[in-house]
Amino acid sequence: MTQLALVIDLNVCVGCHACVTSCKEWNTSGWAGPMVDHNPYDADPNGTFFNRVQTFEVGEYPATETVHFPKSCLHCEDPPCVPVCPTGASYKREDNGVVLVDYDKCIGCKYCSWSCPYGVRELDEQEKVMKKCTLCIDRITDKSKPESERKPACVLACPTSARLFGDVHDPDSEVSLAIREEGGYQLMPEWGANPANHYLPRRKTRIKIHEDELQRVDNPLHEEEREETVSVGASIDDVAF
């Protein structure tokens with residue numbers, strides 16, 4: 001069976017959020033929309049997103065690194081969200097493996113979100129139904145589009161090509177080759193959901209930091225030190241640096 005999925009290269013993701021905004025733009029007016037934002041900027045923000053980018057630091061100063069970790073529905077091969085749905089609204093397509101929600105059947109009970117180990121299902125406060133990434137199903141199955149455009153909006157928008165899309169069951173596909181050659185891995189496989197989406201790990205790099213790079217050249221404390229060295233009667237402007 002075909003299993004469509006995303007493979008995300010954490011080594012080249014720069015956290016620009018192009019995938020987030022393109023997803024929002026395409027899906028809010030498409031088959032899976034709307035994706036409302038009642039309170040997007042306040043202290044307690046409210047909104048529906050299919051894709052989010054989590055950013056955090058690893059390591060200890062000064063040898064720290066910033067990691068950008070995009071996460072959306074992983075389209076599990078054994079999705080725990082499907083069997084718990086009391087109305088059958090959550091389902092997995094047999095032809096391509098994409099996990100979807102039938103809004104006409106969904107009653108917003110949140111059982112699917114409670115069973116999802118990845119926390120990628122959200123209740124749309126306006127529609128009162130559960131929503132999630134669809135891999136842009138309306139786009140990737142649209143035969144009127146050229147094959148090069150039959151990809152999720154986030155994949156087409158990524159400026160660093162950090163997001164790959166294809167059939168992970170096809171050993172010769174781009175995504176399968178990337179998983180094998182770059183050490184692709186599943187997120188939390190111990191949960192037994194067998195997520196179809198994979199991540200390519202960050203490659204280890206050696207960072208050499210010179211001592212003078214740890215101090216700002218325009219540090220105001222240094223300016224005060226220089227002032228103390230100025231002789232009586234001279235001004236700071238008279239001192240050559």
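Good morning. The accessible surface of this chain comes to about 14000 Å², and 50% of that area belongs to carbon and sulfur atoms; the areas come from the Shrake-Rupley method with a 1.4 Å probe, and for residues only the protein chains shown count as cover. This is a predicted model, in which local features need pLDDT of at least 70 and side-chain atom pairs count only at pLDDT 80 or more, while totals for chains, interfaces and linings use all residues. Residues are numbered from 1 along each chain as its sequence is written, and side-chain values use heavy atoms, with hydrogens and water left out.

I turn to the overall fold. The chain has six helices and nine strands, taken as DSSP runs (helices H or I of at least four residues, strands E of at least two) and numbered from the N terminus. Of the 241 residues in the chain, 39% are buried; buried means under 20% relative accessible area, exposed over 50%, and partly exposed in between, with a 1.4 Å probe and protein chains only. Among contacts in the chain with a separation of 6 or more, 56% are between residues 24 or more positions apart, a contact being heavy atoms within 4.5 Å.

Next, the aromatic rings. A search of the whole structure finds four aromatic pairs. Rings of Phe, Tyr and Trp (its six-membered ring) pair if their centres lie within 6.5 Å; planes under 30 degrees apart count as stacked, over 60 as edge-to-face and the rest as tilted.

One of these pairs is Trp31 with Tyr103, stacked at 6.3 Å centre to centre with 25° between the planes. This pair links distant parts of the chain, 72 residues apart: Trp31 lies in the loop between α1 (18–28) and β2 (51–60), and Tyr103 in the loop between β5 (99–101) and α2 (111–115). Trp31 is partly exposed, at 42% relative accessible area, and Tyr103 is also partly exposed, at 22%.

Phe69 and Tyr199 form a stacked pair as well, 4.5 Å centre to centre and 20° between the planes. Here strand β3 (residues 63–72), which holds Phe69, is linked to strand β9 (residues 198–200), which holds Tyr199, across 130 residues. Ring pairs join Phe69, Tyr185 and Tyr199 into a cluster.

Finally, charges over rings. The charged end of Lys24 sits over the ring of Phe49, 3.9 Å from its centre, and that of Arg139 over the ring of Trp26, 4.5 Å from its centre. The criterion is NZ of Lys or CZ of Arg within 6 Å of the ring centre and within 35 degrees of the ring normal.
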